[in-house]
Every structure is written in structure tokens, then in C-alpha cells.
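Please read the notes that follow alongside the sequence and the model. They are arranged from the overall fold towards individual side chains.

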Amino acid sequence: MPGKDRIILALDVSDRDYALHLVDELKEQVGMFKVGLELFVSAGPRVVEEIQARGARVFLDLKFHDIPHTMVRASLQATRLGVHMFNVHTSAGLEALRAVREAVVGLCLKDNLPRPRILGVTVLTSLEQEELRGFGIQHSLRTHVRHLASLAHRAGLDGVVASGHEVAMIRNHFGKDFMIVAPGIRVSWSPPDDQRRTMTPRQALREGADYIVLGRAVLAQEDPLKALELISLELLTA
Ligand code: C5P
């Protein structure tokens with residue numbers, strides 16, 4: 001896959017028109033656009049359809065985390081929207097993850113729909129070891145990520161969302177067919193903001209990530225297109 005196809009751009013804006021403008025401007029530079037909570041809450045599912053109507057793929061990043069029944073119902077709606085990928089929190093538990101996968105596969109077979117990739121969120125890239133202790137988790141963050149990735153794997157999900165720091169470990173344990181998406185990506189010109197476990201685009205891909213998520217490293221720049229071009233150039237030599 002060429003470097004630019006491995007880039008997922010997070011449309012972390014609230015304005016529908018601006019989001020669609022970014023899609024028009026940047027769709028040749030990225031493999032997918034991520035619609036997260038901010039844009040979805042402000043613009044609704046229609047914006048997902050509008051992005052897809054422009055020929056771009058969507059990763060619906062709503063991180064479903066609820067009882068199995070509710071997660072299944074929300075996942076079926078994400079599937080009907082036609083998104084390329086969506087995600088759920090692995091900490092919802094094995095039963096919920098299995099139920100989501102079964103329901104999505106069943107719907108796609110019944111209605112002849114393309115099956116979206118389902119990813120499990122492991123430990124958010126904004127969290128550190130110390131915060132896990134606050135949740136009562138005594139083992140290391142890496143061990144915890146491995147446990148959560150294992151739930152996703154056992155449930156038959158397509159892969160996980162994890163920080164670049166855990167990519168190689170996940171790749172070693174779960175093999176090359178398990179998709180890994182790495183957010184928390186930072187470049188020389190972007191500050192870490194609220195992210196803690198950050199990594200550069202090139203390093204994350206070298207560690208074995210299939211996709212990197214770029215947000216503020218691109219959108220907070222005066223010229224997002226230029227920022228993306230610089231990153232793509234760097235990835236050519238990854
Ligand atoms: O601006 P920045 O690059 O930090 O944005 C990262 C994006 O990835 C945000 O949209 C955030 O919600 C999302 N994300 C994350 N960590 C995860 C999953 C998703 O930062 N584990």
C-alpha cells in the first residue's frame with residue numbers, strides 16, 4: 001500500500017461545510033477520513049454519506065462502549081451507513097465484541113452489503129501507566145493492551161487501535177493479518193497536546209502499523225495540504 005493510502009485524516013471539526021471542504025481539498029492525499037464524535041454529534045450521519053458520495057472512505061470513530069444489545073444495534077446502523085471501518089471499545093467485553101461481529105456479518109450476508117472492518121480500541125493514546133493504576137489495573141500498560149487486543153482477536157474483529165509503542169508487540173502476537181491503526185501521531189512541528197504515547201508517522205509504520213491517524217499534526221497547521229505533502233514525502237522512505 002502506498003504511504004498516502006496508509007494515512008487516515010481525522011476530521012476533528014464541528015462545521016459540516018468545512019469538513020467537506022477538507023475532503024475536497026485533501027482526498028487525493030489520504031486513504032481515509034475519520035469521522036469522530038465532534039463532527040458526528042454536530043453534523044450527524046448525513047455528513048458520512050456526503051463524504052462517501054465524494055468517493056472517499058470513512059472510518060467511523062465513535063468507539064461504541066455499552067451493553068452488547070446497544071452495541072449491536074449501533075453497529076448495524078454503522079454498517080448500513082456503508083462506512084469502511086468503525087470501532088468499539090474492547091473493554092466492553094468478549095461477549096459484546098462477538099455479538100457485534102456476528103450481527104454485522106449476518107446483516108451483510110442477508111442484505112448483500114460490503115462488510116465494514118471492525119476495530120477494537122485498546123488503551124487510549126492519551127493514557128499512561130499511572131492512570132491505569134487509578135482504574136485498579138496493576139499490570140503494565142503493555143500487558144493490558146495485549147489482553148485487550150487478545151479479546152478483539154478472539155472475538156474475530158479485524159484489528160485494533162493502539163499507540164505506536166504497542167504496534168510491534170501486537171504484530172508479533174497476532175500476526176500480519178490483524179489490522180493495527182495507530183493514532184497519537186506527531187511530527188517535528190506538532191506539540192503532543194493531550195496525547196501521551198506519541199510516535200512519528202514513519203516510525204509507527206516501521207513498527208508495523210497498517211494505518212496512522214493524523215489529526216492536529218495536519219489540521220492545526222496553516223496549510224494542511226502542505227503538511228500532508230511533507231508527511232507523505234517522509235513516508236516514501238519509510
Ligand atoms: O489530533 P490528534 O492527532 O491527537 O487526533 C487523534 C485522533 O485519533 C482523535 O480524533 C482521537 O479521537 C482519535 N483517537 C485517539 N486515540 C485512540 C483512538 C482514537 O487519539 N485510541
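1. Basis of the note. This is a predicted model, in which local features need pLDDT of at least 70 and side-chain atom pairs count only at pLDDT 80 or more, whereas totals for chains, interfaces and linings use all residues. Residues are numbered from 1 along each chain as its sequence is written, and side-chain values use heavy atoms, with hydrogens and water left out.

2. Overall fold. The protein chain has 11 helices and eight strands, where helices (H or I, at least four residues) and strands (E, at least two) are DSSP runs numbered from the N terminus. Its radius of gyration is 17 Å, close to the 18 Å that the globule rule gives for 238 residues, so the chain is as compact as a globular protein of that length; the radius is taken over C-alpha atoms, and the rule is 2.2 Å times the number of residues to the power 0.38.

3. Buried residues make up 51% of the 238 residues, with buried meaning under 20% relative accessible area, exposed over 50%, and partly exposed in between (1.4 Å probe, protein chains only). Among contacts (heavy atoms within 4.5 Å) between residues at least 6 apart in sequence, 67% join residues at least 24 apart.

4. Positive phi. N112, in the loop between α5 (94-111) and β5 (117-121), has phi near 55°, a positive value in a residue other than glycine, and at 71% relative accessibility N112 counts as exposed. D193 also has phi near 55°; D193 sits in the loop between β7 (179-182) and α9 (201-207) and is partly exposed at 35%.

5. Salt bridges. There are 16 salt bridges in the count, each defined as a side-chain nitrogen of Lys or Arg within 4 Å of a carboxyl oxygen of Asp or Glu. One of them pairs E50 with R16, the closest N and O atoms being 2.8 Å apart; this pair links helix α3 (residues 45-53) to helix α1 (residues 16-26), with the partners 34 residues apart. E50 is buried at 12% relative accessible area, whereas R16 is partly exposed at 35%.

6. A loop-to-helix pair. D194 and R216 meet in a salt bridge at 2.6 Å, N to O. D194 lies in the loop between β7 and α9 and R216 in helix α10 (residues 216-219), so the pair ties together parts that are 22 residues apart in sequence. D194 is partly exposed at 42%, and R216 is partly exposed at 36%. Elsewhere, salt bridges that share partners join R16, D17, R46 and E50 into one network.
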